[in-house]
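Student: I have a model open and would like to learn how to read it. Can we go feature by feature?

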Amino acid sequence: MRYAETGFNLEVDLTRGNIERVETDPRDTELYLGGLGTNAKILWERVPPEVAPFSPDNLLIFSAGLLCGTPATGCNRTIVSTISPQTQLMAFSMMGGFWAPELKYAGYDKVILRGKSPNLVYLWIKDDKVEIRDAAHLRGKGTVETAELIRQELGEPKAQVAAIGLAGENRVYFASIEQGRSSASRGGIGAVMGDKGVKAIAVRGTKDINISQPEEYLGLCNEVLEYIKFRNENPIPGVMPILAGLGSPQEMAVHDEKWHTENFMWGNSRTRRKDFWNDEVAKAWTETMETVRTRLISCYNCPMKCGATISMPGLPTYMMKCFSKLTYTMAAMSDLDFGFKIAQRATEYGVDGFSTPQVMAFALELLENGILKDEHFQGMPSDNEGRFYWLLDRIVRREGIGDILANGTYWAAKEIGNGAEAYAHNNIKKHEQLPLKLSMLNPIYFLMYSTGEKINITQIEGQFPQAPWPTREEREAFVKDWFQVPDEKFKQYLLDWELRGENSIPFYPTVQMCCDIVDWQERMHYIDDALGMCSGLSSFPLKPPYHIHNYPKFISAGAGFDMDEAKLTQAARRYRTLVRAVNVRRGMRRKDEKPPENHWKKRFPELEKELLDTYYKFKGWNDEGIPTKASLHELGLDYVAEDFVKRGILTDSEDAPSKEASAEKEKK
Ligand code: SF4
């Protein structure tokens with residue numbers, strides 16, 4: 001019997017219209033867990049680097065995490081993996097909500113789409129019955145609208161529907177997959193779904209999930225619930241609201257936006273409005289929020305209520321969560337009311353709430369600076385908000401200049417030329433980032449930005465405080481009950497960290513400490529993404545309920561195989577390395593691993609070089625960021641080493657990359 005997982009994937013060949021239920025290898029679960037881990041293994045094995053994002057041979061994998069559908073609080077993530085049209089690398093975008101548990105209850109761990117459907121279709125999964133159904137009547141429909149229409153025509157009000165909108169149908173590089181209470185937005189995965197001709201996947205399941213040791217498992221779940229209650233009643237003092245608690249309910253429940261609006265940049269990530277937040281703005285924004293927010297809502301099996309249903313007068317209701325509350329507002333230099341209105345349309349179109357406003361502000365900056373001309377914007381209204389609506393409509397329809405902008409700032413700037421590349425200034429690995437421009441280099445963030453492959457907007461941060469508390473007493477108070485650390489040394493790192501002087505950034509934490517901290521943070525994110533856990537209860541906040549000490553117990557009692565901290569760390573390293581291997585095979589090298597040039601004003605090239613050199617070594621990668629044969633062997637990934645040697649990425653005798661293989665391979 002299989003525990004926690006179902007042991008079956010659904011393989012759908014869209015070209016032939018063929019559907020198969022395929023049993024998976026339990027040994028892979030022990031080595032790669034599930035979710036992201038096994039997705040990476042499948043992409044490595046079945047999508048060679050020659051396969052372009054919009055090739056029928058690219059796969060689009062919807063995976064429930066290993067523990068999704070079990071009673072573990074907040075374990076509800078769907079991990080969607082494919083080759084991204086935006087980065088040309090592996091994308092693994094996550095969504096919460098209810099979809100992944102429903103898939104498990106239908107009897108599957110993953111849905112793997114390959115090929116392309118000749119006509120627009122949707123997939124209907126009801127336990128053992130799986131159908132590919134015509135979706136011609138859903139063409140052009142919004143994501144929320146599509147979900148509702150599908151539920152009605154199936155007569156299944158409880159079906160969970162993941163759908164694309166017009167942006168996905170038109171292969172916009174930042175198209176999302178929306179799912180009622182959540183969305184998977186990064187990496188243009190919605191564009192791949194559109195390219196495959198799949199409008200939606202609807203699922204309803206009524207089966208059970210087996211738990212290996214139910215009593216023990218429920219005991220662990222109760223401990224987590226108790227701790228969530230404790231943390232909710234005891235927010236961490238001296239940090240911003242989103243880091244003081246768990247999850248991200250603050251954005252929908254709290255109205256004080258001083259921190260975001262004054263510290264993040266506006267427009268095309270250029271303008272800081274230092275004194276923006278005053279009593280008048282606070283009053284107006286609070287009124288808006290109180291008027292439009294109809295209800296706070298949670299994902300499956302979670303008490304945190306991070307999302308809210310938003311009802312703008314005259315517009316259909318939609319769900320909003322987290323920082324997308326501010327992205328449109330700040331890009332357009334507008335107010336919260338506008339942000340809520342345009343987000344409704346953007347949600348129906350199915351676009352990434354981070355990239356889209358950046359792309360639109362970028363286009364207007366190009367116009368203001370004479371790089372794009374009035375003729376590119378014929379018919380665009382003159383008022384600020386009207387211009388954003390107009391641009392959004394052009395982008396998702398790929399009309400006129402919208403066709404170029406639909407490829408994101410990196411590719412659009414290349415195509416526009418005439419100096420436009422200097423305006424696409426906020427990218428890492430060709431993907432738009434959080435609009436932050438800061439003063440002093442932060443060595444921890446330097447490593448996260450440079451080497452992260454998750455491309456999520458918060459990077460791989462979490463666990464370790466973003467800045468030290470001003471006094472030692474405060475730091476001592478914080479470390480007192482900091483039992484989540486994998487090693488006591490992290491407490492000392494924090495205790496000795498000062499805001500100013502010798503032990504302050506950029507030279508403290510030291511290079512070696514930065515390696516330890518980033519590695520810990522990354523490890524927790526990757527574990528979450530394999531288990532299907534919401535990072536809001538694990539890898540993102542300070543002092544979370546899930547951590548390296550209780551996760552092995554959850555896996556052992558839930559999935560029924562022996563797990564301890566060392567084995568779990570090794571498994572996470574294994575599939576983290578496999579993600580890197582997929583990307584290395586697709587041409588990613590050291591030259592790609594850098595933050596935006598202007599992310600920090602004060603840069604330290606020698607220190608940055610040392611950071612990257614040391615971290616690469618620490619991770620078992622060579623100077624180009626390629627995993628060495630020795631480290632691959634240690635992780636049981638000899639098959640990767642063999643492939644690298646065959647392709648000339650590593651040489652037979654040593655680990656240095658051949659010149660040819662590391663040459664820039666950048667084609668659209
Ligand atoms: S913490 Fe928030 S985002 Fe995470 S599962 Fe719970 S409700 Fe969803």
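Student: Is Arg-171 buried, partly exposed or exposed?

Tutor: Start with the cut-offs. Buried means under 20% relative accessible area, exposed means over 50%, and partly exposed is in between, using a 1.4 Å probe and protein chains only. Arg-171 has 32% relative accessibility, so it counts as partly exposed. Its phi is near 55 degrees, a positive value in a residue other than glycine. Arg-171 sits in the loop between helix 5 (166-169) and strand 10 (177-178). Helices (H or I, at least four residues) and strands (E, at least two) are DSSP runs, numbered from the N terminus.

Student: What should I know about the model itself?

Tutor: This is a predicted model: local features need pLDDT of at least 70, side-chain atom pairs count only at pLDDT 80 or more, and totals for chains, interfaces and linings use all residues. Residues are numbered from 1 along each chain as its sequence is written, and side-chain values use heavy atoms, with hydrogens and water left out.

Student: What does Leu-33 touch?

Tutor: Contact means heavy atoms within 4.5 Å. Leaving aside neighbours within four places in sequence, the contacts of Leu-33 include Asp-28, Leu-66, Ala-530, Phe-561 and Tyr-575.

Student: How do I read a nonpolar core?

Tutor: The general idea is that in soluble globular proteins, nonpolar side chains tend to be buried together. A nonpolar core is a set of buried Ala, Val, Leu, Ile, Met, Phe, Trp, Tyr and Cys residues joined through side-chain atoms within 4.5 Å. Here the largest one has 170 residues, and Leu-33 and Phe-644 have the most contacts inside it. Helix 21 gives the largest share of this core, 12 residues. A second, separate core has 33 residues, including Leu-10, Leu-103, Leu-123 and Tyr-410.

Student: Where does Thr-29 lie?

Tutor: In helix 1. Thr-29 has 4% relative accessibility, so it counts as buried. Not counting residues up to four places away in sequence, Thr-29 touches Arg-2, Glu-5, Leu-66 and Phe-561. Thr-29 and Phe-561 are 532 residues apart in sequence, yet 9.4 Å apart in space, C-alpha to C-alpha.

Student: Which side chain makes a polar contact with that of Thr-29?

Tutor: That of Glu-5, at 3.0 Å. A polar contact is a pair of N or O atoms within 3.5 Å; within protein, one must be able to donate a hydrogen and the other to accept it, and residues adjacent in sequence count only if both atoms are side-chain atoms.

Student: How many residues of helix 3 are buried?

Tutor: Eight of its eight residues, 99-106. Their cover includes strand 3 (60-64), strand 4 (78-83) and strand 6 (110-114). Just after helix 3, Gly-107 takes a positive phi of about 105 degrees.

Student: Where are the cis peptide bonds?

Tutor: One runs from Ile-505 to Pro-506, with omega near 15 degrees. Another runs from Tyr-508 to Pro-509, with omega near -5 degrees. Pro-506 lies in the loop between helix 20 (489-495) and helix 21 (511-531). Pro-509 is in the loop between helix 20 and helix 21 too.
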